[in-house]
Amino acid sequence: LLFIFCVTSANGQEFKNNPDLHKGEQPRLLGPSNGSTLTKYTRQTTFSWNPVQGAKAYELKVEYNDGQWKELKKIKVEGTRATIDFIGDNPGRWGVRAVYENNQTGIWSPIWVFKYNTAAKEAKPKEGNKNEKMGKRQK
């Protein structure tokens, strides 16, 4: 059983309930990867996802956990990526949903988690003798 309804506002604008919009494709998340540990000190985090057919924009929701989950950002994005400054060395989670005409929204993507550990150091290659690197031996 399927109900479709149409409402006309006082100014004559029509709003239709289109159930197909809410059943639509979920955005497929690309990054940061689920379960990843990020080490960049500035904590500028770029979130990206694949486009959804018919979407006019996307809603990105990012939360952090400093003992309990709190909303950091909930923003409307016209493309398929957004960069925000994350808070502290905390766990985070994020998700995206499509926004269609008349601001109707689709289904939330799966929620992915990540964490920051800016104290972690990346392994740096040992610096050898410059002459050895260039293929020359020292006497």
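Leaving aside neighbours within four places in sequence, Thr-45 is in contact (heavy atoms within 4.5 Å) with Pro-32, Leu-38, Ala-82, Thr-83, Ile-84, Phe-86 and Tyr-116. The model is a predicted one, in which local features need pLDDT of at least 70 and side-chain atom pairs count only at pLDDT 80 or more, whereas totals for chains, interfaces and linings use all residues. Residues are numbered from 1 along each chain as its sequence is written, and side-chain values use heavy atoms, with hydrogens and water left out.

Thr-45 counts as buried because its relative accessibility is 2%, the term buried standing for under 20% relative accessible area with a 1.4 Å probe and protein chains only. The side chain of Thr-45 makes a polar contact of 2.6 Å with the side chain of Tyr-116, and a polar atom of the Thr-45 side chain also lies 3.0 Å from the backbone oxygen of Arg-43. A polar contact here is a pair of N or O atoms within 3.5 Å; within protein, one must be able to donate a hydrogen and the other to accept it, and residues adjacent in sequence count only if both atoms are side-chain atoms.

Thr-45 lies in strand β5, strands being DSSP runs of E with at least two residues, numbered from the N terminus. An open sheet is formed by 3 strands in the order β3-β5-β8, with antiparallel pairing, where two strands pair if DSSP finds at least two bridges between them. The edge strands, each pairing on one side only, are β3 (29–31) and β8 (81–85). Strand β3 is joined by 2 bridges to β5 (residues 44–49), and Leu-29 stands opposite Trp-49 in β5.

Methods:
Helices (H or I, at least four residues) and strands (E, at least two) are DSSP runs, numbered from the N terminus. Buried means under 20% relative accessible area, exposed over 50%, partly exposed in between (1.4 Å probe, protein chains only).
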